[in-house]
Number of protein chains: 2
Amino acid sequence: MILAGGAGERFWPASRSDRPKQFLRVLGRQTLLDATLSRARRFARKDRIWIACGAEHAKAVRKASGLPASRVLVEPRRRNTAMAAAWASHRVQRIDPDAVLAVLAADHHVPDAAAFAKDIRLAARAAAEEEVLVTLGVRPTRPETGYGYVQVGPRARGFPRLCRVRRFVEKPDGPTARRYLAQGDYRWNAGIFVWRASVFLAEVERRAPDLHRALAPFRRPGGHTRKAVEAAFRRAPTLPVDVAVMERSDRVWTLPVEFAWSDVGTWLSLAEELGVGRGNTRGNRVLGGEAVLEGARNNLVWAGERVVALLGVEDLVVVDTEDVIFVTKLDGRSDVRRLVAKLREAGRDELL
Amino acid sequence: MILAGGAGERFWPASRSDRPKQFLRVLGRQTLLDATLSRARRFARKDRIWIACGAEHAKAVRKASGLPASRVLVEPRRRNTAMAAAWASHRVQRIDPDAVLAVLAADHHVPDAAAFAKDIRLAARAAAEEEVLVTLGVRPTRPETGYGYVQVGPRARGFPRLCRVRRFVEKPDGPTARRYLAQGDYRWNAGIFVWRASVFLAEVERRAPDLHRALAPFRRPGGHTRKAVEAAFRRAPTLPVDVAVMERSDRVWTLPVEFAWSDVGTWLSLAEELGVGRGNTRGNRVLGGEAVLEGARNNLVWAGERVVALLGVEDLVVVDTEDVIFVTKLDGRSDVRRLVAKLREAGRDELL
């Protein structure tokens, strides 16, 4: 189950409301969505792959994935991942009451697809046999304050590598993130989950009564009709699945994984992924088109149709798109969403 | 006589080889060339206005100025201002042996056209009556290292404000420029000259024998035929008129002027002209098109068709053109010509 509902504001102006990050060739020749589909194919038959997305992207998702309309779950409202995961679990459970879901984000970057598939299989075995919700825990490589963390608990019995979760923590401040990094038993909560649909829905009932109530239309005869979906989404709370269910559940295990992972969530994280600031190109990286650099250091250039010429500048992101040129600093101190909000307030929706 | 032969590389990518700075609306609604023509009209009849330019711009100059082809002197080779001024003086002297020329650059910015005209008239009176070459001396407003200076000598007799020149100095280093600024008797040599054509040519003969020899074809019967012009330019040295003649002459006076002047020679000088770093727009200035600024300070944006969005950056120049996006720092440490040279070496003439 690939969740492709992201708005991708933090990657503006490369990502837009009608072309979010999952449709971009951010790293490599494939779009992030195509790469996610390829990864999923390593452990799932094609007819077991589902995608959930917003109505505005349904057509593009169907085209990119080749999936039949029946396996593209079109969310009538943006309700964040708790509702998406619950609907998906309900829908799949209806076909196979014992179904085990791997819930993936459409816009993550995982270079080692083989290691990823191996770990998903291991997590799926635990989820199938032990009635647990498994979250993959990625080893932190920097004191990131933009992610949630899981504190890894004692090893679970009967399965290699799987552990209990001591606790979930929301995005920490800088000093806390540095402590987590030093301490070693904290992992990034990467938002990749594996569970038996029925187990997840039982936890929704127990831990997220609002969400459970919203799902009522699905429990009636007829199930997932368009009308039922609309009724359910109307009532559903807007919450991430971590907050609504995972943090409150005592049935969560984590699989600490060692493969490289990035949510490519910001220009800064893309820059780190691409090695900006390192290597023998004076630390510069150029994507997409052409750049001419003179005395420029540690810049990330997202070039388009035009030549991007940088003279004597450092630590910048320069993005050229058809209608917007965007320049910001690579220090992580500025949030693109402030700019996006400003444009929205000004009624400049054509740029979003 | 308006010299419009500049290549305008320092203003790349707004200026290009086929559209140098004088054709841009850099400050205000007029192009710099149009503004120069307007200034000239305040003290010269329309049929006394001449322009010298390169062959590649002759058509655009004729169109912009409305001058007949006979008063557009098309330079067959780029030979800098000494040859342009000498040819112009020769050409005009042929029509009127007593002609006094005001030699103006096509791409300077002088907001107070009335003061300018008044000073040119005064200089012209001195040049006509005293057989001197007059250079206008602009009061320095910063320790500029990109200009030549004149040290102002004692007052000339018989004319208000005109002074002898103690010496010319080439572009000084930083400490020297600061000393000139503090000392008060140094002026920018703005490259605006007033002389009687015959006096200038006599000084060429005395001080610049190479240039004088190159002018030989003009002294033959027939004068300024195309063939003569080509022969003269082939032999002419490539030198600025300051170096070839003015610095070596003992007949130079200066008129210290108080009007504001800028050669808009670099992005930095345009930024200063526009007040970047001052005012209640967080020091930002936007030309041409549209910018969206969030947490951005002291930037100069030359916008085009696209929206330029700046987030959390400061002291930058961001230029959007049809085929190039250019970003540099406003610290004056980087020379655009290095980038232009790099593109030329790479054979990217279509961008120049």
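I looked up Tyr149(A) first: in this predicted model, Tyr149(A) stands opposite Trp188(A) in E8(A). Strand E8 covers residues 186–196 of chain A and pairs with E6(A) in the antiparallel sense over three bridges. I take strands (E, at least two residues) and helices (H or I, at least four) as DSSP runs, numbered from the N terminus; two strands pair if DSSP finds at least two bridges between them.

I then checked E6 (residues 149–155) of chain A against E7 (residues 163–169) of chain A, and found an antiparallel pairing over five bridges. Val152(A) has Val165(A) as its bridge partner in E7(A).

Next, domains. An automatic or database domain assignment sets the bounds, and chain A is divided into domain 1 (2–265) and domain 2 (275–351). Five residues of domain 1 of chain A are in contact with eight of domain 2 of chain A, contact meaning C-beta atoms, placed from the backbone, within 7 Å.

Last, the two chains. I noted 30 residues of chain B in contact with 30 residues of chain A. On the chain B side, E15(B) gives the largest share, six residues.

Bookkeeping: residues are numbered from 1 along each chain as its sequence is written, with chains lettered from A and ligands numbered from 1 in the order written. Local features need pLDDT of at least 70 and side-chain atom pairs count only at pLDDT 80 or more, while totals for chains, interfaces and linings use all residues.

Notes
Contact = placed C-beta atoms within 7 Å.
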